[in-house]
Amino acid sequence: MKTAIVLLPGLNRDRDMISAIRTISGQEPLTVWQTETEIPAGVDLVIVPGGFSFGDYLRCGAIGARMPVMRAVADAAGRGVRVLGVCNGFQMLLEAGLLPGVLMRNASLNFVCRSVKLEVTNADTVFTRRYRQGQMIDCPVAHHDGNYFADAETLARLKGENRVVFRYADGTNPNGSADDIAGIVNAEGNVLGMMPHPENLIEDAHGGTDGRPLFEGALDLVAA
Amino acid sequence: MITARVTVTLKTGVLDPQGKAIEGALATLGFDGVDGVRQGKVFDIELGHDDRRRAETDLAAMCEKLLANTVIEDYAVEIV
């Protein structure tokens, strides 16, 4: 499995993601700069990492989502390539129209940076198949705009199609997101966007390894 | 040359925590009788031509493609 990590100015979790992929797969991921118009052939997983692309000017992820590389990411997703967007990456996937809805300012208006509990609400995707259905996992969050919003019809569709794959555990929602949504997939199941940072919980030195199975699933690696 | 003002506002029913915080601050300053505050954005855009019809088409497209996120926002274009 070959991984490509998208780079835009203002992102700051790209190196965390590169390190995570290197540690888990033993392979060096490719990087793809914002001006590129194609994802290199043979790439199986594209990751849009977190940060503050273009300073989050206008709206979080709005400018980044309109750079040429995001068109390339959309094309790749259309061909069935797996796409993972984390934090600002999730915001860009929404702004680019690869996933429905929008991420608004946290209801508390505060930047939240802490570990949260997530429930795996759909363990039947390539990203979550190394978890058990209903498993509770730890995962760090660090964001100011994680308050997922979509109209009632979209929320009902996401629920009905079982496309909410991660929810904040009861009573721990850090941002006020609708239905406690922390991560969703597209209808085809090959695009996942999520606010928490699984790449920051993959080795013991991080204080836990609950983020690791996500990458093992996405990279077709056998569970350790 | 055409100058346009684009106003982007949150749709009715979309929660606006920043507007709520501003409303609270106004109350703290002693302004009573404020029933609600909604925060929005204003863009003043200068076009290098005088073709009004083209301006209207382009500005609507700019709003749809970038200036507003129509999931949560409405926009209004005023050519001044």
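Let's start where the two chains meet: between chain B and chain A there is 1 salt bridge, meaning a side-chain nitrogen of Lys or Arg within 4 Å of a carboxyl oxygen of Asp or Glu. Its partners are Glu73(B) and Arg59(A), with N to O at 3.8 Å. This is a predicted model, where local features need pLDDT of at least 70 and side-chain atom pairs count only at pLDDT 80 or more, while totals for chains, interfaces and linings use all residues. Residues are numbered from 1 along each chain as its sequence is written, chains are lettered from A and ligands numbered from 1 in the order in which they are written, and side-chain values use heavy atoms, leaving out hydrogens and water.

**Where chain B meets chain A**

- On the chain B side, 16 residues are in contact with 14 residues of chain A, contact being heavy atoms within 4.5 Å.
- The two chains bury about 1200 Å² between them, and 69% of that is on carbon and sulfur atoms. Buried area here is the accessible area (1.4 Å probe) that two parts lose on being put together, summed over both.
- Pro17(B), Leu66(B) and Asn69(B) supply 37% of the area that chain B buries against chain A, more than any other three residues.
- There are also 5 residue pairs in polar contact between the chains, both residues at pLDDT 80 or more. A polar contact is a pair of N or O atoms within 3.5 Å; within protein, one must be able to donate a hydrogen and the other to accept it, and residues adjacent in sequence count only if both atoms are side-chain atoms.
- Which parts of chain B touch chain A with at least two residues each? They are helix 1 (17–28), strand 2 (40–47) and helix 2 (52–67). Helices (H or I, at least four residues) and strands (E, at least two) are DSSP runs, numbered from the N terminus.

**Salt bridges**

- Over all chains, the structure holds 16 salt bridges.
- Arg59(A) also pairs with Glu95(A), their closest N and O atoms being 2.7 Å apart. That pair links distant parts of the chain, 36 residues apart: Arg59(A) is in the loop between strand 3 (45–48) and helix 2 (68–78) of chain A, and Glu95(A) is in helix 3 (residues 88–95) of chain A.
- Both Arg59(A) and Glu95(A) are buried, which means under 20% relative accessible area, with exposed being over 50% and partly exposed in between (1.4 Å probe, protein chains only).
- Asp220(A) forms a salt bridge with Arg82(A), the closest N and O atoms being 3.1 Å apart. Asp220(A) lies in the segment after helix 5 (212–218) of chain A and Arg82(A) in strand 4 (residues 82–86), so parts 138 residues apart in sequence are tied together.
- Asp220(A) also meets Arg129(A) in a salt bridge, at 2.4 Å from N to O.
- Asp220(A) is partly exposed at 39% relative accessible area, and Arg129(A) is partly exposed at 35%, whereas Arg82(A) is buried at 16%.

**Cysteines**

- How many disulfides does the structure hold over all chains? The count is 0, a disulfide being a pair of cysteine sulfur atoms within 2.5 Å.
- For Cys87(A), the nearest cysteine sulfur is that of Cys60(A), 9.0 Å away. Cys87(A) is buried, at 5% relative accessibility.
- For Cys63(B), the nearest cysteine sulfur is also that of Cys60(A), 19 Å away. Cys63(B) is buried, at 0% relative accessibility.
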